[in-house]
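Thanks for coming, everyone. Please have a look at the screen, and I'll talk you through what we can see.

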Amino acid sequence: MAKSKVLVVGGTGYIGRRIVRASLEQGHPTYVLQRAEIGLDIEKLHLLLSFKKQGARLVQGSFSDQQSLVEAVKKVDVVICTMSGVHFKSHSILMQLKLVDAIKEAGNVKDLGILKSGSKI
Ligand SMILES: NC(=O)c1ccc[n+]([C@@H]2O[C@H](COP(=O)([O-])OP(=O)(O)OC[C@H]3O[C@@H](n4cnc5c(N)ncnc54)[C@H](OP(=O)(O)O)[C@@H]3O)[C@@H](O)[C@H]2O)c1
């Protein structure tokens with residue numbers, strides 16, 4: 001099977017970490033967005049380092065820095081977004097539209113998966 005370069009956004013979340021591991025296990029070059037906002041969150045940093053040890057590549061970025069999202073998606077063929085954590089659903093959707101805009105601007109991504117509330121997994 002051909003391997004795709006996969007970017008996981010929300011990679012330290014409940015679903016995201018499972019997708020990162022599955023992508024690595026299946027041999028896809030796997031990139032994980034490391035958001036600037038996580039700061040010194042030890043649990044997230046620990047998880048990100050463990051992904052790195054397993055072969056993932058960490059990509060710095062922020063939803064507050066559109067160009068950083070464009071640069072992140074330029075590296076991959078497929079983007080999987082498992083972000084959540086924003087209280088208002090409409091706000092979460094607006095955040096994810098930033099990612100869609102970045103994908104349109106980058107112009108190279110073949111596939112985008114967004115996991116939303118109520119998704120069957
Ligand atoms: N958990 C389930 O059983 C389940 C079932 C069906 C559907 N879903 C859906 O799947 C999605 C993920 O759920 P989850 O349970 O994995 O959520 P989660 O554990 O809360 O993880 C969501 C991730 O989103 C990122 N995030 C948080 N705040 C953010 C912000 N302000 N801006 C950008 N990114 C932010 C964080 O990842 P980073 O810090 O790594 O960036 C966080 O770990 C949600 O849409 C949820 O409704 C979940």
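Let's start with Tyr 14. Is Tyr 14 buried or exposed? Tyr 14 is exposed, because it has 9 other C-beta atoms within 10 Å. Here are the cut-offs. A residue is buried if 20 or more other C-beta atoms lie within 10 Å of its own, exposed if 12 or fewer, and partly exposed in between, with C-beta atoms placed from the backbone. Tyr 14 sits in helix 1. From Tyr 14 to Lys 44 is 30 residues in sequence and 11 Å in space, C-alpha to C-alpha.

A word on the source. This is a predicted model, where local features need pLDDT of at least 70, side-chain atom pairs count only at pLDDT 80 or more, and totals for chains, interfaces and linings use all residues. Residues are numbered from 1 along each chain as its sequence is written.

Now the rest of helix 1, residues 14-25. Helices (H or I, at least four residues) and strands (E, at least two) are DSSP runs, numbered from the N terminus. Helix 1 has 12 residues and reaches 17 Å from its first C-alpha to its last. That is close to the 16 Å expected at 1.5 Å a residue. The expected span is 1.5 Å times one less than the number of residues.

Which residues of helix 1 are buried? They are Gly 16, Arg 17, Ile 19, Val 20 and Ser 23. They cover an arc of only 160° around the axis, so they lie on the same side of helix 1. The arc is that of the directions from the helix axis to the C-beta atoms. Tyr 14 and Glu 25 are exposed residues on the face turned away from that buried side. What covers the buried residues? The cover includes strand 1, strand 2, helix 2 and strand 4. Just after helix 1, Gly 27 takes a positive phi of about 80°.

Next, strand 1, residues 6-9. In a regular strand the side chains alternate between the two faces of the sheet. Here, Val 6 and Val 8 point one way, Leu 7 and Val 9 the other, and all are buried. Strand 1 pairs with strand 2 in the parallel sense, over three bridges. Two strands pair if DSSP finds at least two bridges between them. Strand 1 also pairs with strand 4, again parallel, over four bridges. Follow Leu 7 for a moment. Its bridge partner in strand 2 is Tyr 31, and in strand 4 Leu 7 stands opposite Val 79.

On to strand 2, residues 30-35. How many of its six residues are buried? Six of the six are. Thr 30, Val 32 and Gln 34 are on one side, with Tyr 31, Leu 33 and Arg 35 on the other. Strand 2 runs parallel to strand 3, residues 57-61, and five bridges join them. Tyr 31 has Arg 57 as its bridge partner in strand 3.

Now connect the pieces. Strand 1, helix 1 and strand 2 make a right-handed β-α-β unit. Strand 2, helix 2 and strand 3 make another right-handed β-α-β unit. Right-handed means this: with the strands pointing away from the viewer, the path from the first strand over the helix to the second runs clockwise. Helix 2 has 12 residues that should span 16 Å, and its end C-alpha atoms are 16 Å apart, which agrees. Just after helix 2, Gly 55 takes a positive phi of about 110°.

Look at strand 4 next, and at Ile 80 within it. Why does Ile 80 count as buried? Because it has 23 C-beta neighbours inside 10 Å. Ile 80 touches Val 6, Val 8, Ile 19 and Gly 113, leaving out residues up to four places away in sequence. Touching means contact: C-beta atoms, placed from the backbone, within 7 Å. Ile 80 and Gly 10 are 70 residues apart in sequence, yet 8.6 Å apart in space, C-alpha to C-alpha.

Last, the whole protein. It has four helices and five strands. From the N terminus on, they run β-α-β-α-β-α-β-α-β. Buried residues make up 31% of the 121 residues. Of the contacts with a separation of 6 or more, 71% join residues 24 or more positions apart. The C-alpha trace spans about 35 × 35 × 30 Å along its principal axes. That's my tour. Thank you.

How values were computed: Contact = placed C-beta atoms within 7 Å.
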